[in-house]
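My entries follow in the order I looked.

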Amino acid sequence: MPHISTPPPKKLSRASAAETMALDVRDKTALVTGGASGICLEVTRQLLKRGCNVVIADVKASKELNDVVGAAHEGEARASFIQTDVTKWQELDSSFSHAIKEFGRLDIVIPGAGIFEPQGVSNFWYPNQGADTTQASSFKCIDVNVAHPIRATQLAIDSFKRQRLGHGVVVLISSIAAQMPLLPIPLYSASKHAISGFIRCLAALEPAMHIRVSGVAPGIVKTPIWEEDKLAWVEEGVDQWVTTERVANVILDLITSKDYVGGTILEVGVDQVRPVTELNDPGPSGASHTVQGMGVAFGKTLELIDETFGK
């Protein structure tokens, strides 16, 4: 096994040790979007193991999630699924109401639902095709990856304040793509740039209100968003996957540790976890931070632009 380094605590100058918070998840309640698969399914599993009730909001359940929910009812914590399209704000709002009704409280929000970009490369390079049409007046990747977590964070802050619990935690999912200019997938990359910037904007909430907003920026993680066309970009044995368990454990650290205050973004690789700094960051490096086929995808994108635009 490679050596796994843990970064030193990242402190904000405006937050003293007394102002930072660490939340014991036992007997708390978390709302997790996208919890039926991938990273957020593992987050759900880990929270339940630690005695935290979980509401899972997703477009549909999965066999794996049903197994986790079923097992939870035999232990100390419970889980509840609510069918939710996170791009529909009324449904997203209902998931928050469901959490309070089901468990009487809401302490942790993890808006983890996210999508990649279909059709080989980005929908951006296929004008008016698929879900991103003139009639739709939106880009689905931006709706799911940016508008949804921002709205969920807004709802979380409102819920924390109304409950007067004296604390609240939001963990958002960014990516190493937030530091990369990726022509084949500009919407996905831009969505993660947006999330990292949003996290930093809310850093002051922890010292001011004991509401922590932080995030993870994983390397490549083998989840359902990697459909067959994108998997072809990955060269097994050269490019390395970060496990969902590893990312989930870092998310738990962001909730439970005093070392990682609001505004922290932790890059998660196979062999290291490190804070991504706001200025002069060296950028992603190491195992799980490469995709060998991205160069080929770049060339195909240029060909597609010539075929599609300016006609």
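**Salt bridges**

I took a salt bridge as a side-chain nitrogen of Lys or Arg within 4 Å of a carboxyl oxygen of Asp or Glu. This is a predicted model, and I used local features only at pLDDT of at least 70 and side-chain atom pairs only at pLDDT 80 or more, while totals for chains, interfaces and linings use all residues. Residues are numbered from 1 along each chain as its sequence is written, and side-chain values use heavy atoms, with hydrogens and water left out.

I searched the whole structure and found ten salt bridges. I looked at several of them in turn.

I began with Arg26 and Glu76. Their closest N and O atoms are 2.3 Å apart. Arg26 sits in the segment before strand S1 (29-33), and Glu76 in the loop between helix H2 (63-72) and strand S3 (79-83), so this pair ties together parts that are 50 residues apart in sequence. For helices (H or I, at least four residues) and strands (E, at least two) I used DSSP runs, numbered from the N terminus. I then checked accessibility, with buried meaning under 20% relative accessible area, exposed over 50%, and partly exposed in between (1.4 Å probe, protein chains only). Arg26 is partly exposed at 36%. Glu76 is exposed at 66%.

I went on to Arg45 and Glu42. The closest N and O atoms of this salt bridge are 2.5 Å apart. The two residues are three apart in helix H1 (residues 38-49), separated by about one helical turn. Arg45 is partly exposed, with a relative accessible area of 26%. Glu42 is buried, at 9%.

What does Glu42 touch, not counting residues up to four places away in sequence? I counted contact as heavy atoms within 4.5 Å. Glu42 touches Thr244, Glu245 and Ala248.

Next I noted Glu236 with Lys222, where the closest N and O atoms are 3.9 Å apart. Glu236 lies in the loop between helix H7 (228-231) and helix H8 (244-256), and Lys222 in the loop between strand S6 (211-218) and H7, so the pair ties together parts 14 residues apart in sequence.

I also logged a network of salt bridges that links Glu267, Arg274 and Asp281.

**The sheet**

I moved to the strands. Two strands pair if DSSP finds at least two bridges between them. In what order do the eight strands of the open sheet run? I read S3-S2-S1-S4-S5-S6-S7-S8, with mixed pairing. S3 and strand S8 (273-275) are the edge strands, each pairing on one side only. Neighbouring strands are turned by 20° against each other on average, direction ignored.

I checked some pairings. Strand S2 (residues 53-58) and S3 are parallel, over five bridges. Ile56 has Phe81 in S3 as its bridge partner. Strand S4 (residues 108-111) pairs with S5 in the parallel sense over two bridges. There Val109 stands opposite Val170 in S5. S5 and S6 also run parallel, joined by six bridges. Gly168 faces Ile211 in S6.

I stayed on S5 (residues 168-173). Six of its six residues are buried, so this strand is largely enclosed by the rest of the structure. Gly168, Val170 and Leu172 point one way, Val169, Val171 and Ile173 the other.

I then placed H1 against the strands. H1 lies across S1, S2, S3, S4, S5 and S6, and runs at about 170° to S1. Axes here are lines fitted to C-alpha atoms, for helices over the stretch in contact, and angles run from 0 to 180 degrees between N-to-C directions.

**H3 against H4**

My last stop was a helix pair. The axes of helix H3 (residues 89-103) and helix H4 (residues 140-163) come within 10 Å and cross at roughly 35°. From H3 I listed Trp89, Leu92, Asp93, Phe96 and Ile100; they meet H4 residues including Ala147, Arg151, Leu155 and Ser159. The contact residues divide into eight nonpolar, three polar and two charged. I counted Ala, Val, Leu, Ile, Met, Phe, Trp, Tyr, Cys and Pro as nonpolar, Asp, Glu, Lys and Arg as charged, and the others, Gly among them, as polar.

Is Ser159 buried or exposed? I found it buried, at 4% relative accessibility. Leaving aside neighbours within four places in sequence, Ser159 is in contact with Phe96, Ile100 and Leu106.
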